Amino acid sequence: MPEQFPPKYGTVARSNQWGTRVKPNKHGLRLGDINVGVYGEIPDRWDDQTRNPRGAIAKKGVPPLGYAIRDKADLWADSAADLYEEAIQRRFASATDVPWDTIKPLPDVLERAICQVLTELCQYANCDIEVISQWQHQMAYGYHEVKQFLATATFDATRMYESFRKRALCNGGGLGLEGPGEINRMILESRGGWSETVTYLLLMRGSFMQTMLRYLERYAQNDAERSIYRFSLEAKARQITYGLDHLRYSIAHDDDRRTVMQTLFFIGDRVWARELGDHVLREALSIVFAGGLENAPTTGNAIYNRMMRDFMNEYLGICEWLGVKRDLATLPGRMSQYVTGAAG
Amino acid sequence: MIRFPSPAWFDAVAAVFNADDRYRGAGGGQSFCRFGVIVGEDIVVVTMDGHECTGADAVDRAGLADVDFYLEMPRSQWLAMLQDIAANGHATLNHTLNTIDLDLDEGLSKSVHGDQYREDLFFRYNQTLQFLFDASARVHTDFGA
């Protein structure tokens, strides 16, 4: 027999703020809408080390869970709640939302090049999953909007991984050579804090991946590939928006952050330059952009160079927008050769 | 027949777009932004609010001050894009917003304030914006001279 006790119900009535009645608006009841009263008070530091939901009454004696990221400046972005809603609404199911039947047999060399690019994109997506999830559990619960958005970012990365892999394995090809992965390792091993990882993962590699997805969509062979790249592009853009918003917030609340980022970019550029020395991805992209091997050294290579110029313009534009000074003279040659405008 | 790029034309496109649930899934969704469309001397500011396109207003250059981004290309390219959409029911490869943005030297999506955060909306809502222009396939358009 379970233990019997006379119910008192006294504890059920306890609340920091009872009588809260948030009404849905014409867009529904969104995560940001319920930030009212004590539930919307988001402090600069979250000292509670438990899973106590923001606004609930804390329980005494709960063993600490050891959250390492408890300062708002280390993870916050005002847009996180909106980005979470956006990600939930704009999710796609690759099994049914991608028109797989539009994929037709391609010349072997073109299929091989597409599969090589997809192999390396799988590595990028896999890195995103591991990196975001390894930081997520270290973030204090008081900033649940960020944790929730990052959960969607992880799921978006899994959908990208899934879609890239499916495309590689559905048209007579297969996965190609593993990429050098030096950037992935740098991102995975960045231990200086989440903001450092955001700098590398979402701004540096993120802006490169976004640029690459745009070009892959442009030079896709069929509607299935176009769908995959377009869906991925939206997801990557959300991640970059979070990165921009967070770092802007962080810079505004941490005097040293901008200088630290300057150093991080200096270090990251060198790893990036080493990765650019690998010719496999460049050659594969040139073949994809040219639609085959014949024009890859000319047309394909020219489009690759244009993609790299667009990437550098975007990358340096982000640095400029964040107020992080860059000395173009210190850029490695493999990057500076693509700098064209006045950005930076 | 409604003249492009008048506010009335965008209102007609919005009526098609707002009524079609297919534009809300598969990468589509709610969007919140104001963007400009520049076609020669004509400038229209379009408002997206949730699942709907809720407004289109003719403005002058100063009216672009508070848009998140604006789309600008020569009239002939606007017409080529819309005629492709009308012929195919949606934009085909060489006429998607992303393709045009990449192919134009100055790009299609531009900013008056250089705000990266707001410029990024063009990519975050790219599918929805494409759906909006694709909806013009069901509007009888007067492309003018």
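**Close-up views of a predicted two-chain model**

**View 1. The sheet of chain B.** Strand E3 (residues 42–50) of chain B pairs with E4(B) in the antiparallel sense, over 6 bridges. The model shown here and in the other views is predicted. Within this part of the sheet, Met48(B) stands opposite Cys53(B), a residue of E4(B). The open sheet of chain B is formed by 5 strands in the order E4-E3-E2-E5-E6, and the pairing is mixed. Strand E4 (52–58) and strand E6 (109–110) of chain B are the edge strands, each pairing on one side only. In general, the strands of a sheet pair through backbone hydrogen bonds, either parallel or antiparallel.

View 2. Helix H1 (residues 7–19) of chain B lies across E3 and E4 of chain B. Relative to E4(B), the helix H1(B) runs at about 180°. Between strand E1 (2–3) and H1 of chain B there is a loop, and Pro5(B) lies in it. The peptide bond that joins Phe4(B) and Pro5(B) is cis, with omega about 15°.

**View 3. The contact between chain A and chain B.** Chain A contributes 25 residues to the contact, and chain B contributes 16 residues. On the side of chain B that touches chain A, the elements giving two or more residues are helix H3 (97–103), helix H4 (116–119), helix H5 (121–124) and helix H6 (126–134) of chain B. H3(B) gives the most to this side, with 3 residues. By residue class, the side of chain B that touches chain A divides into 4 nonpolar, 10 polar and 2 charged residues.

**View 4. Chain A as a whole.** The secondary structure of chain A consists of 11 helices and 0 strands. Along its principal axes, the C-alpha trace of chain A spans about 85 × 50 × 40 Å. Chain A has 344 residues, of which 44% count as buried. Among the contacts in chain A with a separation of 6 or more, 77% are between residues 24 or more positions apart.

**View 5. Helices H6 and H7 of chain A.** Helix H6 (residues 194–218) and helix H7 (residues 223–253) of chain A pack with their axes 8 Å apart, at an angle of about 150°. This angle is over 145 degrees, so H6(A) and H7(A) are roughly antiparallel to each other. The crossing of H6(A) and H7(A) is left-handed. The residues in the contact of H6(A) with H7(A) divide into 12 nonpolar, 10 polar and 5 charged.

View 6. Gln116(A) is found in helix H3 (residues 108–136) of chain A. Is Gln116(A) buried or exposed? Gln116(A) is buried, because 23 other C-beta atoms lie within 10 Å, where 20 or more are needed. Not counting residues up to four places away in sequence, Gln116(A) touches Gly176(A), Leu177(A), Val280(A) and Ala284(A). Gln89(A) is 27 residues from Gln116(A) along the chain, and the C-alpha atoms of these two residues are separated by 31 Å.

Definitions and conventions
Residues numbered from 1 in each chain as written. Chains lettered and ligands numbered in written order. Predicted model: local features only at pLDDT ≥ 70, side-chain atom pairs only at ≥ 80, totals over all residues. Contact = placed C-beta atoms within 7 Å. Helix = DSSP H or I, 4+ residues; strand = E, 2+ residues; numbered from the N terminus. Nonpolar A, V, L, I, M, F, W, Y, C, P; charged D, E, K, R; others polar. Buried ≥ 20, exposed ≤ 12 C-beta atoms within 10 Å, placed from the backbone. Pairing = 2+ DSSP bridges. Axes fitted to C-alpha atoms, helices over the stretch in contact; angles between N-to-C directions. Parallel < 35°, antiparallel > 145°, perpendicular 65-115°, else oblique. Left-handed = near helix turned anticlockwise from the far one by under 90°.
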